[in-house]
Amino acid sequence: MRHIAIVGSGPAGFYAAEAALKALGPDARVDILDRLPTPYGLVRAGVAPDHQSIKEVVRRYEAVALDPRVRFVGLVDVGVDVTVDELLSCFDDVILATGAPRDRRLGIPGEDLPGVVGSAAFVGWYNGHPDFRDLAPPLDHPTVVVIGNGNVAIDCARILARTPDELASSDIAQHALEALRKAQVRTIRLVGRRGPHQVSFTLKELGELGELDRATPWVEAADFPPPEADLALEPGQRRVVEVLRRFAATGPDGRRPIVVRFDFFRRPARILGRERVEAIEVVPTRLDETGRAVDAGPAEVIPCGLVISAIGYRTAPIPGVAFDEREGRFANEDGRIGPRLWCVGWARRGPSGTIGTNRTDAFAVVERLATTPPAGRPGRVAFDRLLVARGIATSDFADWRRIDALEVARARPGAPREKVVDLGELRRVALGAPVA
């Protein structure tokens, strides 16, 4: 037998488990550990609630979880309840698939003011992640500034711009839906230091901004290079720029009350306010001969009540595991951190790619793992003994299905579920305690 512990039950973790089953066959024994009793990671708490079709991938993960060689172990916080060294004493291999759950800091004055939130926190809030249920982002000002030119920035803007009726049939958390229903937001400004040719939006995400019931996207025509410059772009990026040019040509139509404005060539310089965010100062930029954004004019002040930073994520360090501070991920060589210790997904390469990218990544790392000899560790028998000795009550996949059934039963009409957002309640449901 080969006993493997996978830390993290998001896409990378489940793909690593699937890869281990295929590579090792009947000799595989895989424990997937998570600090929450709910699996699926960013598919549950990161994919936008109005993108329900993407969440269908969990059916594939469920098939992995139900394989008799696999066990889901929830309510175990690695680095707190148990150390990685202790896992290595129990398992032949340990694979870290913890993702990148922390926001990168802006590194500018004022970013610690109330009303400045990272996109991980904001997305977690509207998706019902227990860590962010009490975030309460201020939505009482007509302008919100979102910093970033990637899909997460688009997600944040789109959720703010949609009508409550558009969102009601999704699995957005009820507390977020109620807050958005009362929101005073009328302008959402997407700030990025470079231009339309450098964005990292995908075509689908960008195109959706042109299909909203109450919002119009707007791009300044002056932000584009000459049209013939688009020919040098790769085809996918060229289509993205075509959509942006269409937004510039149509502009706000006056019929829809919300404007999503792309502020290209703007560098966030500082956030202003006394007791909370009152404005953000941005500096105009231009691209130098190397493609780097450099300052190109006097600062502009944009009054706003909320700033969402969507400039990337970092992996959370785990005590005793080598960490690359500059890259914000575990220090590794093609997925290998050290003897019998591996990492996959965002924890390995940083926050890049799609959900499917994690499958390719995980299979490559597990293929490498499979070429090394097993260490002869006892596996889950020893691990369970350690948990019992520490009085750690864990949950399993059957407990998750009980949570799942409760969420589906609680759903508002037309919605797929109403997530349990309180960690205490999640724990009670998972461990079989009575629920009101």
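A salt bridge is a side-chain nitrogen of Lys or Arg within 4 Å of a carboxyl oxygen of Asp or Glu. The views below come from a predicted model.

**View 1. A salt bridge between Arg158 and Glu208.** Because buried means under 20% relative accessible area, Arg158 at 0% counts as buried, and so does Glu208 at 12%. Both residues belong to a network of salt bridges whose members include Asp50, Asp155 and Arg162.

**View 2. A salt bridge between Arg401 and Glu62.** The closest N and O atoms of this pair are 3.4 Å apart, and the bridge joins helix 14 to helix 3, across 339 residues of the chain. Arg401 is partly exposed at 42% relative accessibility, and Glu62 is likewise partly exposed at 26%.

**View 3. The lining of the second largest pocket.** This pocket holds about 380 Å³ of space and is lined by 16 residues, with Tyr40, Lys55, Val58, Asp404 and Arg417 nearest its centre. The lining divides into ten charged, five nonpolar and one polar residue, and helix 2 (41–45), helix 3 (58–65) and helix 14 (397–410) each supply at least two of the lining residues.

**View 4. The buried residues of helix 8.** In this helix, which spans residues 174–181, Ala176, Leu177 and Leu180 are buried; they lie on the same side of helix 8 because they cover an arc of only 100° around its axis. These buried residues pack against helix 5 (119–126), helix 6 (151–161) and helix 7 (164–168).

Methods:
Residues numbered from 1 in each chain as written. Predicted model: local features only at pLDDT ≥ 70, side-chain atom pairs only at ≥ 80, totals over all residues. Heavy atoms only, no water. 1 Å grid on protein atoms, 1.4 Å probe; cavity = no way out; pocket = protein on both sides within 12 Å on 5 of 7 lines; lining within 4 Å. Points joined across faces, edges and corners; volume = space filled by probe spheres on them. Helix = DSSP H or I, 4+ residues; strand = E, 2+ residues; numbered from the N terminus. Nonpolar A, V, L, I, M, F, W, Y, C, P; charged D, E, K, R; others polar. Buried < 20%, exposed > 50% of the residue type's maximum accessible area, 1.4 Å probe, protein only. Arc of directions from axis to C-beta. Contact = heavy atoms within 4.5 Å.
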